[in-house]
Amino acid sequence: MKKIFSWYFRANLAYRILGALVIGSIAGILVPKGITLFGDTTLLNVISPFGDLFIRLLKMIIVPIIVASLIMGTSSVEPSKLGRVGRKAVFFYFMTTLLAIIIGLACAFVFKPGSGLVLSDSSAAVSKAAQAPSLSQIFLNMVPTNPISSMANTEVLPMICFCIFFGIGLAFCKESSNERIKNSAKIVFGFFEGVSEIMFKVVRWIMEYAPIGVFALMFTVFNKSGAGAFSSLANVTISLYIGLALQVFLVYCGICLLIKLSPLDFLKKVKDPMLTAFVTRSSNATLPISMDTAEHKMGVPKGVYSFVLPVGATVNMNGTTIYLGICSLFIANACGIDLSAGHYLTIIITSILAAVGTAGVPGAGALMLLLVLEALGIEVNGNVAIAYGMILGIDAILDMGRTSMNVVGDVIASIWVAKTEGELDESKWKHV
């Protein structure tokens, strides 16, 4: 049996998922609607539970992933390093992430991904086209009265808020002069590090099932909607890459102009880490290339890039936030869910906070999309699960672009901090 399936596990996962997307889509179009196998049982009724199982597996791990990743991400920043350089880096990451989600939502408004796809026939999730709370209530609801209850009920914003507070407290305890507190904090940190590693091992197992789940989800959507769904997926991809390009040319090149460095020179220098991230789909795997480029091509001193780049790989996810904005609206449009101003504010807040806990590994953004949907009060079942499966089917293509953008954002942050600190070796640069 192992030999029979060895070809499956040896093949590249991204290719398997993409292949499942194509095969499931074609099969869904070619197989007549309502074809029965026996009695009243249709082929669609047999295949669709395999897709539902995949969604349930992902939902199973979302809480432990968020908790472990956020606590690890925030507690990994040493308070002793949070001096002027740390404050500048965090401010820079916050502002560029805010601009990224605004650009993502703007692209979604202009291109309207998912608007031509009709999945709103009978989804129970559509009825949850959420009664948006008021602005003040959104901010109040971010602070949990019972964090355990928030985790049990997958209340995302309160859960994120608690984990960030917990992580920062843990970071300070790790640096305590009291040996008892310091040792206790290290034990707690080690526990969450272990939980994080275990959960990502489980994620890898679940992703081995992903091609089967994606096939079932794609078969379901195309058997219901026909070939018209292809244009919606193309629209999502185009919208995302236009959003990423706007982030580069408007935000990053604008920052270069602001600090009087040549944007064209920056684009030439950042090419290596950008392409490495595009291919590997991992911010962490690209760190050595980013550090080498920052030091030898951009003149960023080690004291700056050795702090800014690793922190950026953990908390700076500009490309991911653009992705979250566009894909959230794709799912809402496809499922006929009307979003209010309160919902858009929730997308912005959740995306910025989720960026702190997005692991710098391939495919982590797709898990964060589940988090955003939960924050909006949209249950990932029925047609919402189908729309999410469509995104997951092309996630490798989307992930290459958003990871590349995340890394470029980290690099420009190190340049900006070094420049404003007067430590940038400007002999390596052309000026405007």
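Modeller: Let us begin with Lys269, which lies over the face of Trp429 at 5.4 Å from the ring centre; a charge sits over a ring if NZ of Lys or CZ of Arg is within 6 Å of the ring centre and within 35 degrees of the ring normal. The charged end of Lys174 likewise sits over a ring, that of Phe189, at 3.9 Å from its centre. Please keep in mind that this is a predicted model, in which local features need pLDDT of at least 70 and side-chain atom pairs count only at pLDDT 80 or more, while totals for chains, interfaces and linings use all residues. Residues are numbered from 1 along each chain as its sequence is written, and side-chain values use heavy atoms, with hydrogens and water left out.

Rings can also meet one another, and a pair of aromatic rings is described by the distance of the centres and the angle of the planes. Rings of Phe, Tyr and Trp (its six-membered ring) pair if their centres lie within 6.5 Å, and planes under 30 degrees apart count as stacked, over 60 as edge-to-face and the rest as tilted. By this rule there are eight aromatic pairs. Phe54 lies in helix 3 (residues 43–75) and Tyr209 in helix 8 (residues 179–225), so the pair ties together parts that are 155 residues apart in sequence; helices here (H or I, at least four residues) are DSSP runs, numbered from the N terminus. Phe54 counts as buried because its relative accessibility is 0%, and Tyr209, with a relative accessible area of 15%, is buried too; buried means under 20% relative accessible area, exposed over 50% and partly exposed in between, using a 1.4 Å probe and protein chains only. Elsewhere, ring pairs link Phe162, Phe166, Phe191 and Phe192 into a cluster.

Helix 18 is mostly covered, with 22 of its 26 residues buried, and Gly422, whose phi is positive, near 70 degrees, follows helix 18. By contrast, Leu250 is found in helix 9 and is exposed, with a relative accessible area of 58%.

Note on methods. Helices (H or I, at least four residues) and strands (E, at least two) are DSSP runs, numbered from the N terminus.
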